[in-house]
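Me: I keep meeting labels for protein structures and would like to know what stands behind them. Could we go through one together?

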Amino acid sequence: MEKQIYENMKAELEKIGIRTDKDLQKAIKALPPLKLWIMTGTVRKAGENG
């Protein structure tokens, strides 16, 4: 089953033009930076278990 997952992943990457590790690294570098929204504030205790 693991081999099948590997083959499926490889086929999907090839569809979008990623055939080597360098291709994958270039694609990752080309992605825009992530915007992480961090929630801040007071955490209130809710009931006995919270």
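Reply: Gladly! This is a predicted model, in which local features need pLDDT of at least 70 and side-chain atom pairs count only at pLDDT 80 or more, while totals for chains, interfaces and linings use all residues. Residues are numbered from 1 along each chain as its sequence is written, and side-chain values use heavy atoms, with hydrogens and water left out.

Me: Why is Glu12 called partly exposed?

Reply: Buried means under 20% relative accessible area, exposed over 50%, and partly exposed in between (1.4 Å probe, protein chains only). Glu12 has 44% relative accessibility, so Glu12 counts as partly exposed.

Me: Where do Lys15 and Glu12 lie?

Reply: Both are in helix H1 (residues 2-15), three residues apart, about one turn of the helix. Helices (H or I, at least four residues) and strands (E, at least two) are DSSP runs, numbered from the N terminus. The chain has two helices and zero strands.

Me: What span does H1 reach, and what is expected?

Reply: The expected span is 1.5 Å times one less than the number of residues. H1 has 14 residues and reaches 20 Å from its first C-alpha to its last, close to the 20 Å expected.

Me: What makes Leu24, Ile28 and Leu31 a nonpolar patch?

Reply: Patches are made of residues with over 30% relative accessible area and no salt bridge: like charges are joined within 9 Å, nonpolar side chains (Val, Leu, Ile, Met, Phe, Trp, Tyr) within 5 Å. Ile28, found in helix H2 (residues 21-30), has a relative accessible area of 53%, so Ile28 passes the 30% cut-off. Together, Leu24, Ile28 and Leu31 have about 280 Å² of accessible area, computed by the Shrake-Rupley method with a 1.4 Å probe, where only the protein chains shown count as cover for residues.

Conventions: Salt bridge = Lys/Arg side-chain N within 4 Å of Asp/Glu carboxyl O.
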